[in-house]
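Here are my notes on the model you sent. Please read them with the structure open.

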Amino acid sequence: MAITVPRRQLFIGGQWTEPVRRNTLPVINPATEDIIGYIPAATSEDVELAVEAARNAFTRNNGKDWARATGAVRAKYLRAIAAKVIERKSKLANLEAIDCGKPLDEAAWDMDDVAGCFDYYADLAEGLDAKQKAPLSLPMDTFKGYVLKEPIGVVGLITPWNYPLLMAVWKVAPSLAAGCTAILKPSELASLTCLELADICREVGLPPGVLNVLTGLGTEAGAPLASHPHVDKIVFTGSTTTGSSIMTSAAKLVKPVSLELGGKSPIVVFDDVDIDKAVEWTMFGCFWTNGQICSATSRLLVHERIADEFLDKLVKWTKNIKISDPFEEGCRLGPVVSKGQYERVLKFVSNARNEGATVLCGGTRPEHLKKGYFVEPAIISNVTTSMEIWREEVFGPALCVKTFSTEDEAIQLANDSQYGLAGAVLSNDLERCDRVSKAFQAGVVWVNCSQPCFCQAPWGGTKRSGFGRELGEWGLENYVSVKQVTQYISGEPWGWYKPPSKL
């Protein structure tokens with residue numbers, strides 16, 4: 001399929017802007033390993049320009065153009081962006097698939113979610129108007145008070161490559177709805193659709209500087225953005241290591257951060273399930289988006305009574321997954337995003353085998369695909385809790401398996417992780433599901449499913465999976481500063497100090 005990759009520049013102050021150093025980075029199609037285009041590579045000089053543009057947009061006309069405009073005004077722009085996303089859905093999905101390797105059907109689904117996210121936060125932007133001056137109940141009738149919700153300021157948004165546009169919009173939509181101005185720094189591995197979002201913003205007339213898009217390397221663009229003294233908050237999705245560096249940088253300026261980091265999430269399957277249904281949810285929980293999901297339920301805990309039958313079916317179903325170029329009809333697993341990620345996944349599987357685990361299937365290049373970063377989905381059994389495959393995030397199609405005999409053992413194994421992003425429990429006993437859901441040390445729990453995500457529901461983790469919540473009303477609160485205003489309403493003097501005439 002011939003897809004033209006648009007040649008874009010950086011988007012700063014509402015205009016396409018050539019990088020100061022004129023650097024570029026190649027765009028590599030992970031299915032073919034071919035260079036299909038180039039993106040601009042921002043550096044610290046471009047960060048300065050983008051921050052200045054965002055700051056000007058925030059303060060322009062005393063903030064009345066954006067930050068202090070009504071939520072209804074901002075909502076009109078968000079809805080216009082949503083409509084343009086739907087209008088360009090096919091083009092955006094094609095660019096997403098060729099850029100990061102996800103199956104085209106998934107990419108198209110993501111575009112629907114992108115538009116839905118903008119529409120949802122348009123509604124919340126309008127709702128924000130009604131919440132202004134919410135009265136406080138005070139214990140003294142000589143005072144009255146209320147609360148203002150104000151945009152936190154200029155925000156830096158650093159996003160990953162597994163859902164290039166959707167993860168960006170999880171941050172862009174609520175930050176703009178709140179009245180913030182933003183600098184978006186997408187992953188250098190998949191930036192094409194974020195640049196197209198910039199073009200959509202230009203087309204709908206979003207005020208200049210409200211959204212700026214800087215593509216480039218994390219070290220050259222992301223780090224200067226995170227440490228910039230005129231950026232009021234950083235919101236990041238990515239690796240725990242990078243998140244720690246961002247926290248360190250932000251701490252020097254006492255700058256707030258929200259972090260959605262790694263995961264090694266469990267899926268617990270009890271012995272009363274419909275095995276075929278549970279097998280499919282187990283596959284979907286780990287192999288969706290080519291296994292490159294921070295919330296992937298990549299640790300399977302299956303009850304020992306059904307383990308043999310379950311694994312037999314799981315292997316058969318997994319071997320039946322269509323692995324192909326993302327544009328082939330029926331593709332359900334495309335390539336991982338890059339050569340580095342491809343080598344990382346293979347090494348994890350190799351290390352697991354060397355540590356004594358059993359690779360039941362996958363973990364190698366498919367025989368029918370000679371080029372591209374394709375990895376057959378791996379299922380790995382005979383795993384111990386000390387093994388790397390159990391403890392570390394693979395971020396690829398690799399599922400490790402342990403058995404359990406009791407509910408308490410399942411919970412203990414599920415929580416045996418430095419991460420705490422998500423978890424799934426599969427059982428026909430809903431009281432048991434409720435107990436396990438409460439016991440999971442995780443920010444997201446799925447019952448009798450894995451990976452559904454709705455923009456109305458909060459998203460985020462515990463432990464080393466980060467802190468703060470995206471999506472839902474919680475996502476908007478990420479970008480809002482709460483101000484209390486208290487007024488003395490009595491006609492009488494306060495009377496604490498005696499006036500000089502009465503001394």
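How many disulfides does the structure hold? The points below begin with that and refer to a predicted model.

1. Cysteines. The count of disulfides is zero. A disulfide is a covalent bond between the sulfur atoms of two cysteines. For C194, the closest cysteine sulfur belongs to C201 and lies 11 Å away, which is too far for a bond, because a disulfide here requires sulfur atoms within 2.5 Å. C286 is likewise in no disulfide; its nearest cysteine sulfur is that of C400, at 8.2 Å.

2. The annotated position. UniProt, in an unreviewed entry, places the feature "active site" at E260; such an annotation may be inferred rather than shown by experiment. In the model, E260 lies in strand 11, which covers residues 257–260. E260 counts as buried because its relative accessibility is 4%, and the cut-off is under 20%.

3. Surroundings of E260. Leaving aside residues up to four places away in sequence, E260 touches F236, T237, G238, C294, L421, W459, S465 and E470.

4. Strand 6 (residues 143–151) and strand 22 are joined by nine bridges in the antiparallel sense. E150 stands opposite S481 of strand 22.

Conventions:
Residues numbered from 1 in each chain as written. Predicted model: local features only at pLDDT ≥ 70, side-chain atom pairs only at ≥ 80, totals over all residues. Heavy atoms only, no water. Helix = DSSP H or I, 4+ residues; strand = E, 2+ residues; numbered from the N terminus. Buried < 20%, exposed > 50% of the residue type's maximum accessible area, 1.4 Å probe, protein only. Contact = heavy atoms within 4.5 Å. Pairing = 2+ DSSP bridges.
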